[in-house]
Amino acid sequence: MTPAPSLSYALARTIGHATWLRWGVRYKVFTYLAPIDYEFTVPFYGRTYRGNLDNFIDRVVYIFGAHERQVMEYTGTFITSESVVLDIGANVGHRALFFASAKEVHAFARGEVLLVPESKL
C-alpha cells in the first residue's frame with residue numbers, strides 16, 4: 001500500500017486552496033514539494049479526479065484544485081451538451097474530464113488516444 005502524503009503536502013493543499021492568498025505565494029509553496037509516488041482521488045467539478053503526485057499536472061490539481069483554472073473555466077463557457085470537444089495534447093486528460101458534460105470528448109496524447117466514454121464518467 002502506498003503511504004499517505006507527508007504533512008507538507010497536507011499543508012500545501014490547505015494553502016493552495018486559500019484563494020485569498022496571492023497566487024505567487026501559493027505557487028511558491030508548491031515549488032518546494034518534491035514529487036512522490038502517491039495515488040489520490042479528489043473532487044473535480046462534480047466528478048472524481050484520479051492522479052498521482054509524481055506527475056506535475058496531477059500535483060497542481062491536488063494542491064490547487066485545477067491546472068490553469070481560469071483558461072479552463074473560460075473555454076468551458078462555450079461548451080454545451082451538444083458540443084464535440086477535441087483535446088489535442090491531453091496529457092493526463094485533465095481538460096477532457098472538465099469538458100465531460102459535452103456530447104462527445106475525444107482526447108489525444110503523445111501517440112495515444114484517450115477516450116472519455118460517458119458511461120465511465
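Contact here means heavy atoms within 4.5 Å. Keep that cut-off in mind for this tour of a predicted model.

Stop 1: Select residues 39-44, strand β1, and residues 47-52, strand β2. The two strands run antiparallel, and six bridges join them. Now pick Glu39 in the viewer. Its bridge partner in β2 is Asn52. Move on to the turn. Two residues lie between the strands of this hairpin. Click Tyr45: its phi is positive, near 50°.

**Stop 2: Tyr49.** Hide its neighbours within four places in sequence, then show what it touches. Tyr49 is in contact with Phe40, Thr41, Val42 and Phe44, among others. Its contacts also include Ile57, Asp58 and Val61.

**Stop 3: the core.** Widen the view to the largest nonpolar core, which has 28 residues. Colour Phe40, Phe44, Tyr49, Tyr62 and Ile63: these touch the most other members. Next, show the elements that each supply at least two residues of this core: α1 (7-16), β1, α3 (56-64), α5 (94-98) and β4 (104-109). Which of them gives the most? Select α3, which contributes six residues.

**Stop 4: Glu82.** Is Glu82 buried or exposed? Glu82 counts as exposed, because its relative accessibility is 59% and the cut-off for exposed is over 50%. Glu82 and Lys103 are 21 residues apart in sequence, yet their C-alpha atoms are 4.9 Å apart in space.

Technical notes: Residues numbered from 1 in each chain as written. Predicted model: local features only at pLDDT ≥ 70, side-chain atom pairs only at ≥ 80, totals over all residues. Heavy atoms only, no water. Pairing = 2+ DSSP bridges. Helix = DSSP H or I, 4+ residues; strand = E, 2+ residues; numbered from the N terminus. Core = buried A, V, L, I, M, F, W, Y, C linked by side-chain atoms within 4.5 Å. Buried < 20%, exposed > 50% of the residue type's maximum accessible area, 1.4 Å probe, protein only.
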